[in-house]
Amino acid sequence: MTSIRSKVALLAVIAIVVTVAVTSVLSAGTIRRMGENDSEQLLRLLCETGQKNLDFYFESIEHSVGMVSTYAETDLETLPDEQLKEHVERVRRIFDKTATETNGVLTYYYRIDPSVTVEEKGFWYVEEEGKGFQEHEVTDISLYEGKDDPGMVWFTVPKTTGKPAWLNPYLTENLGRRVLSYNVPVFWKDKFFGVIGIEIDYTTIANQVDNIKLYEHGFAYLDDCDGNLIYHPNIDVPSLTDETRPSIPDGILSDDMYLRYTFEGVEKQAVRKELSNGMRLIVAVPVAEISGDWKGLVKTILWVSAGLVVVFILAAFLMAGRITRPIRELAEAAQKANDGNFDYVPKRIGRDEVGTLTQSFTDLTGYLKTHIRDLNNMAYADELTSVRNKGAFQVYIREMQEKIMDSDETAAYAIAIYDCIGLQKINDRFGKEKGGIYLKTACQLICNVFVHSPVFRVGDDEFAVILMKDDYRNRIELTSLLEERCEKTLSSKKEWERIRLSVGVAVYDPETDASVKNVVSRAEKNVQGNRQYKKGKK
């Protein structure tokens, strides 16, 4: 494969394939990360919203029960023993109003420990649809003393712990209803007196959890810190037995907010939030459902990328032939130029970069013919400063002399010689590299002022300027301008950047100057005099 066309086409194909492949992989990775991040954020926001709603509800129950229990204990502080009945009635009135204003209450109760009194048992009110709260016959607590009965946990747990407690759902046998309850112990004279509590219908919490949905098969459920199910929309939790209870999936008990687990062969992505009553709210979605959208988008990108690769490869071969055709012709013209034939002009094809290159090559061969002599004259350039050197100066003044002799008009010009003061001192103290910087800076200042005049380096530390036309007429102002610019450099901390010049200017006088060399000689004498003057002034 030696042709340019083949190489260009191959390079284009490789570039296209690599570019499309890298872009596709990066795009797929980015889409996947964005899809996963978006789903996690949606799950988190949904779970946080559900958490706030449930906590708000639970806290309203806690507030109602807490307010009644506080009233009860305060009322007991100054209560005579014989007025327990009046105390219960007062609490009944307060609790009735509080429970009525609290959403979702199924029952409320104030039960007194039989060890305190057997005469006053307290009360228990149950909400009956269409009738409001109706008083219900209370359970005889004394019948369960010393027994571990699940139906009495509402009483035994706060009595045992001495602290308010939320209880996991249990069955109230008297009503045949599954409930959650919040119970607060009441103390009288630093002894356990009874329990004040509210029971919530299990379906009330279930309905709130059922409203939390995401995607088609996403759902929310409740469990406890040990991973035991409290409510699940797809599982009849109350009917579970030790034999039918599903095992806890790996990852569920993690303390992380984001969970990944597999249940019944389906991988789930979930977010977990702790509730104020000790339960955990988990919002879960099948991973396949989350990834479905971004996977479909990735497949589309890959198919489109493959199609674009085929189209671009075909276009690359066509363009390679079109591009290399004028290049072949340009190569032929270059070969002729290499053989010394600068008259061959290649065809200019199109207006693109290759056509421009062809035209530029044609112009270049013309410039080579025109300026071949100037290229030879480059031998007269000063290597350090890039201005013309002393040899070029001698040629220039010789040609000037010839033009003056051949012209009938009176010439008007001046020659300025500039001497760089202190160059030897800089070389001795800082080295020739700094001396070179000093010379180049001085040369640049001279060239920037006398922009219309040829500048020559005629000695190690001397520059010559031939002033004609506008620079000749403005020589006094330009000389002053150069002095001002040199003066500004004296503030530099670096000695090799402080430019001090001695100048000698000689104006051509046709009465006394027989040649240009005479003017040069007078300028050199003047610069020597100025040099001595500046040394003395220093």
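Strands E10 and E11 form a hairpin with five residues between them. Gly278, in its turn, has a positive phi of about 95°. Strands here are DSSP runs of E, at least two residues long, and helices are runs of H or I, at least four residues long; both are numbered from the N terminus.

This is a predicted model: local features need pLDDT of at least 70, side-chain atom pairs count only at pLDDT 80 or more, and totals for chains, interfaces and linings use all residues. Residues are numbered from 1 along each chain as its sequence is written, and side-chain values use heavy atoms, without hydrogens and water.

E10 and E11 (residues 280–286) run antiparallel, joined by seven bridges. Ala270 stands opposite Ala284 in E11. Ala270 of E10 is also the bridge partner of Leu259. E9 and E10 (residues 266–274) pair antiparallel over six bridges. Thr262 faces Glu267 of E10. E9 and E10 form a hairpin too, with two residues between them. Glu264 in that turn has a positive phi of about 55°.

Five strands make an open sheet, in the order E8-E7-E11-E10-E9, with antiparallel pairing. Two strands pair if DSSP finds at least two bridges between them. E8 (229–231) and E9 (258–263) are the edges; each has a single partner strand, so one side of each lacks a neighbour in the sheet. Neighbouring strands are turned by 40° against each other on average, direction ignored.

Helix H4 (residues 202–210) packs on the sheet. H4 touches E7 (219–223) and E8, where contact means heavy atoms within 4.5 Å. The direction of H4 makes about 90° with that of E8. Axes are lines fitted to C-alpha atoms, for helices over the stretch in contact, and angles run from 0 to 180 degrees between N-to-C directions.
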